[in-house]
Amino acid sequence: MAFDVRKILEQLETGTPADPGVPAWQQESWEDPEGFSAALAVAHVGRGAPLKSRAGQHYDFFHDLVVRHGATDRIALRSYDRRSGWQTLGYKQLHEQAARRATEWARQGVKPGAKVCLVYSVGSELLISLVAALGLGACISFLPPVGRRFIARRLAALKPEHIAAEPHQVLLLQGHEKKLLNSQGQASPAFTSHTYKPQEPVGLLFSPLVEPAGTPAPLLAEDAWRGALVDGLLTFGLGSGEHLAAPGFHLLQHLPAFLFATLLRGATYLHLEPQDVEANPALLTEHPVRALGVTPALRDVLLRARTQLKNVAHWFRNPEEPIDWQSWRAWVKQCGLATVPSSNVLVDPCAGGAVLVSPRRVRDVHTETPPAPGRRWALHDVNMSGQLAPGDLGVFTLLPNEERPPAYLVLTRSYGLFHYGGPRTARREGRVYPAAEVAEAIRELAFVRGATVVPAPTGGVAGHYRYVLLVFTGAQASQASTWLQELRRCIELNLGAEHLPDRTELLPLYPRMVDGQVDEAWCHAQYLTGALYRKSSDPLFQTLTALRGHLLEKEG
């Protein structure tokens, strides 16, 4: 099919679609992703340096993301440090340092296809190591340094040949110290950048959308390149030197996709930690932002601070987060964004970027989420039988789906419009909550006699759940305040603060055990029916618990 990219870009920039519902060009792109990518690649280059990659043939990420822009004075990364202020990393500097690091790593045995895990916070070190690994043809993984158990469990599943991390993170890598790469950056650049084949994995990612939690899933080179091409040019409309920012967006879900899209366009990724924005919301106004990702937490911070966002050209939200219509509308009005285009953007890191995207358009907050341009997809039966959905409601599935993680998201279609319908099973904002890991971590605490996590549906928007941690404390005298502090500290230290449950229940009971393990199905049913609550205050069960405590813990 022939795609007039210039006309498509004009339509997106003006925000005036030619057709109601999904534009004709977008529907055609679903049928011919290859032709669409080829047309975008031509438009993407424009007057700039040519791409080395060829859609459907081969992909050189090191060249296309960095080398093409190395002769310019553009900024690749702008990040804020509360001690030293704004820090920048230019494309020229990124090219030089990544080339040195790649040469150094090659001498340490990093080869094409080697699994290299990057354990970094977002910043210059992450970006340099990411680009160096791509230059060597490595299969990258990314883990933020958030908790000892969290890191250890995922490294055990990944079995990487090499690990890159900053020296002070070594304590998180117990048992893997010998795999740690030396990254002094002293070597003179001497290597040839790797060219990935379309079906070659460029990453094994710990996507929070993949079940069970902590399972590495492949990102193919073709998906990564096409996703960056579409997102950079269409989803976010980035131009050379323009900023993409998404403070508080889940790192494992949105990286490296956001970085790929930004670098391919020669744009700048603007990184701010949520706590820094909360302390000083004006940081968001110090640089013009072409595309700003907004979470409910950031929205509420800006609402409280009454921050005007006159420097934002487009804002977007994740449609899987609960939609509080009143708060969103108040925020749009208060921040002066009533005439600024907005969109819903759902990113799947294993697909290389956005999979559901509403057009950039000035309008009210909404739930429209048509499949992203250039994606082959189908609606499958919600019973997961494998057949196509008989009606206009089904599980959104990218095609081909044989090598992909199982689909989970329900999409509805009505009068040519697509709407987000929630996850098929219990999730937290679309992400899998690591319930087993949380329960396992706290079972080691001295006062815990058993633990499990129960997903409880909310009374609000369909498809949203709260996670309740049930902690059985047996016949011990209650020390609720102290215990709750210990539980919080344990989860934050081992798994990171993002995995704290929505609610914690301390139950002066013993759980039912089966083969030495907590009977989770029994605990869930007992909690959701209120039986555990009644037993906790029933004199008979209190007496039985005391008797069991005497028998089970008499030696103590």
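Predicted model: local features only at pLDDT ≥ 70, side-chain atom pairs only at ≥ 80, totals over all residues.
**Cavities**

The structure contains 5 cavities of 30 Å³ or more. Strand E15 gives the most, with 3 residues. By residue class, the lining of the largest cavity divides into 13 nonpolar, 3 polar and 2 charged.

The second largest cavity holds about 90 Å³ of space. Its lining consists of Leu 12, Trp 25, Gln 26, Leu 234, Thr 235, Val 357, Ser 358, Pro 359, Arg 360 and Pro 373. Helix H2 (24–31) and helix H8 (221–235) supply at least two residues each to the lining of the second largest cavity. That lining comprises 6 nonpolar residues, 3 polar and 1 charged.

**Salt bridges**

The count of salt bridges comes to 28.

| Pair | N to O distance | Relative accessible area |
|---|---|---|
| Arg 376 and Glu 34 | 3.0 Å | Arg 376 35%, Glu 34 36% |
| Arg 413 and Asp 392 | 3.3 Å | Arg 413 31%, Asp 392 42% |
| Glu 429 and Arg 431 | 3.0 Å | Glu 429 24%, Arg 431 14% |

The side chains of Arg 376 and Glu 34 form a salt bridge. Arg 376 sits in the loop between strand E13 (353–357) and strand E14 (377–380), and Glu 34 in helix H3 (residues 33–45), so this pair ties together parts that are 342 residues apart in sequence. Arg 376 counts as partly exposed, and Glu 34 also counts as partly exposed.

A salt bridge also joins Arg 413 and Asp 392. Since Arg 413 belongs to strand E16 (residues 409–414) and Asp 392 to the loop between E14 and E15, the pair ties together parts that are 21 residues apart in sequence. Arg 413 is partly exposed, as is Asp 392.

In the pair of Glu 429 and Arg 431, Glu 429 is partly exposed, whereas Arg 431 is buried.

Beyond these pairs, Arg 149, Arg 153, Arg 154, Glu 437, Glu 440 and Glu 444 are linked in a network of salt bridges.

**Helix H14**

One member of that network, Glu 437, is among the buried residues of helix H14 (residues 435–442), together with Val 438, Ala 439, Ala 441 and Ile 442. The cover over the buried residues of H14 includes helix H7 (148–158), strand E18 (450–457), strand E19 (465–472) and helix H15 (480–495).

**Two further buried residues**

Lys 535 is located in helix H17 (residues 531–537). Lys 535 is buried yet has no salt bridge; Asp 538, the nearest side chain of opposite charge, is 9.8 Å away. A salt bridge requires a side-chain nitrogen of Lys or Arg within 4 Å of a carboxyl oxygen of Asp or Glu. Apart from its neighbours within four places in sequence, Lys 535 is in contact with Leu 509, Trp 522, Gln 526 and Phe 541.

Ser 327 is part of helix H13 (residues 325–334). With a relative accessible area of 17%, Ser 327 is buried, because buried means under 20%. If residues up to four places away in sequence are not counted, Ser 327 touches Arg 299 and Leu 303.

Key. Residues numbered from 1 in each chain as written. Heavy atoms only, no water. Helix = DSSP H or I, 4+ residues; strand = E, 2+ residues; numbered from the N terminus. Buried < 20%, exposed > 50% of the residue type's maximum accessible area, 1.4 Å probe, protein only. Lys, Arg positive; Asp, Glu negative; His and termini not counted. Contact = heavy atoms within 4.5 Å. 1 Å grid on protein atoms, 1.4 Å probe; cavity = no way out; pocket = protein on both sides within 12 Å on 5 of 7 lines; lining within 4 Å. Points joined across faces, edges and corners; volume = space filled by probe spheres on them. Nonpolar A, V, L, I, M, F, W, Y, C, P; charged D, E, K, R; others polar.
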